[in-house]
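Today I'm looking up an annotated site and then some charged pairs.

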Amino acid sequence: MDKFLIRGGNVLNGSVRISGAKNAVLPLLAATILTDEPITITNVPNLKDVNTLIKLIAGLGVTISYEGDTVKVDTSTLQNQFAPYELVKTMRASILVLGPLLARYGQAKVSLPGGCAIGSRPVDQHLKAMEALGAEIEVEAGYVHAKVNGRLKGGEVVFDMVTVGGTENILMAAVLADGITTIRNAAREPEITDLVNMLNKMGAKITGIDTDTLVVTGVEQLHGCEHAVVADRIETGSYLAAAAITGGKVRTTHTDPDLMEAVLDKFEEMGAEVTRGDDWIELDMLGKRPKAVSFRTLPHPEFPTDMQAQLMAVNAIGRGFATVSETIFENRFMHVPELCRMGANIQVEGNDAVITGVEKLQGAPVMATDLRASFSLVIAALAAEGETVVDRIYHIDRGYENIVTKLQALGADIQRIKGE
Ligand code: EPZ
């Protein structure tokens, strides 16, 4: 297994180009199933999760090519509606093919994803929403069997909690349904907006964009289009956190400051100087030690759970103390014991973590447990004294494109050590 060897102490400085968002491109790829006309998606990040979904879609018989940052999809060759356990178990977002397959072919057999490191993550809301549109759903031997006689029927969907994947799945089902679907308590994440924008380009009729009520007027068919993936706000925030923790100055380019106000506010509260342009954000920590800041994760536009671990790492070396509450996932503090191995002072009680900042962290062997936790350990290592080896970095390859090259260009001392 590959590892990172990181020597801490360098102040990060420079500019980094942000990639397309992992969490946007996955639903966009699934949405290609909704039409038999060709679709071209650009600004696609080269990530393990993207390749997993491409493999799954190719397994349906779809013709799909991936060159540079461009994916071209032709679903006119699609032959089956089956998403096997072997692929779904490696990536939960695979469940996103359920809505489009059902909407276009009237049937789908998709493996249940199962739990993962950050929580149990059920898909009951996805299934309940499909049923509200007239689908018959049976769960048998680990598979969701979904079918409908003719077209799905527009209906009223009310989610019990804000779910990003659930909103995306039902949007993709509703666009080809007969009649009007109203989705209440819908997620408002920028990745949803990106999906709505692409679906509308394909001829869908969705209104209520950026609100928690989406109204979809079903159409009989959709057509091809070209679409560029929205910038990755979490990758952006992660590199800004790397600047903050090392006392450095980093400009993120090809991004969008409007997607991440809550995170930028926290960096300012830490004492960083944050400057924004149309498509760039620069964070200058002015060589200072950041102030520890409290926050609570909540659905967009509030503070995102996907930035919790990275800001926790910055807090670990912050001045003063702070409380971080995780309200989205029940088990998303697994980076805490690893940060403590590096000398952090963090106490966890239920969904709250109380962090008392220390002046310096020390390098140590640590283990990555999930994607964002991995990045938090990497930046903690960049700020620590001495050497850190981060194990199990396959997690990071799922969501950060060219992380080593990007960090090295900012002056980080990081190397990938190839494992067997
Ligand atoms: C998406 O996951 C993201 N993944 C996650 O990104 C992100 O952390 C999460 O949204 C929250 O913002 C992708 O977009 C591919 P949810 P998703 O449905 O859609 C519960 C990363 O690091 N729930 O919004 O799976 C669920 O258990 C990650 O990039 C149900 O109970 O998240 C969770 O507690 C990891 N039943 C909460 O809702 C359901 O049917 C929010 O989950 C669905 C969800």
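I started with asparagine 23, which is partly exposed at 27% relative accessibility. This is a predicted model, so noted. Asparagine 23 sits in helix H1, and beyond its sequence neighbours within four places I found it in contact with Glu168, Glu191, Asp306 and Arg372.

Next I checked the record: UniProt, in an unreviewed entry, lists Lys22 and Asn23 under "binding site". Lysine 22 is in helix H1 too, which runs over residues 22-31. Is lysine 22 buried or exposed? I get 10% relative accessible area, and the cut-off for buried is under 20%, so lysine 22 is buried. Not counting residues up to four places away, lysine 22 touches Arg372, Asp49 and Asp232, among others. The side chains of lysine 22 and asparagine 23 make a polar contact at 2.8 Å.

Then the salt bridges, 18 of them by my count. Aspartate 2 pairs with arginine 416 at 3.2 Å, N to O. That one links distant parts of the chain, 414 residues apart: aspartate 2 comes before strand S1, while arginine 416 is in strand S24.

Arginine 416 also bridges to aspartate 397 at 2.8 Å. Aspartate 397 is in helix H13, so this pair ties together parts 19 residues apart in sequence. Arginine 416 is partly exposed at 30%, and aspartate 397 is partly exposed at 21%.

Last entry: glutamate 156 and arginine 184 meet at 2.6 Å in a salt bridge. It ties strand S10 to strand S11, 28 residues apart in sequence.

Key: Residues are numbered from 1 along each chain as its sequence is written. This is a predicted model: local features need pLDDT of at least 70, side-chain atom pairs count only at pLDDT 80 or more; totals for chains, interfaces and linings use all residues. Side-chain values use heavy atoms; hydrogens and water are left out. UniProt positions are given in the numbering used here, feature names are shortened, and annotations may be inferred rather than shown by experiment. Helices (H or I, at least four residues) and strands (E, at least two) are DSSP runs, numbered from the N terminus. Buried means under 20% relative accessible area, exposed over 50%, partly exposed in between (1.4 Å probe, protein chains only). Contact means heavy atoms within 4.5 Å. A polar contact is a pair of N or O atoms within 3.5 Å; within protein, one must be able to donate a hydrogen and the other to accept it, and residues adjacent in sequence count only if both atoms are side-chain atoms. A salt bridge is a side-chain nitrogen of Lys or Arg within 4 Å of a carboxyl oxygen of Asp or Glu.
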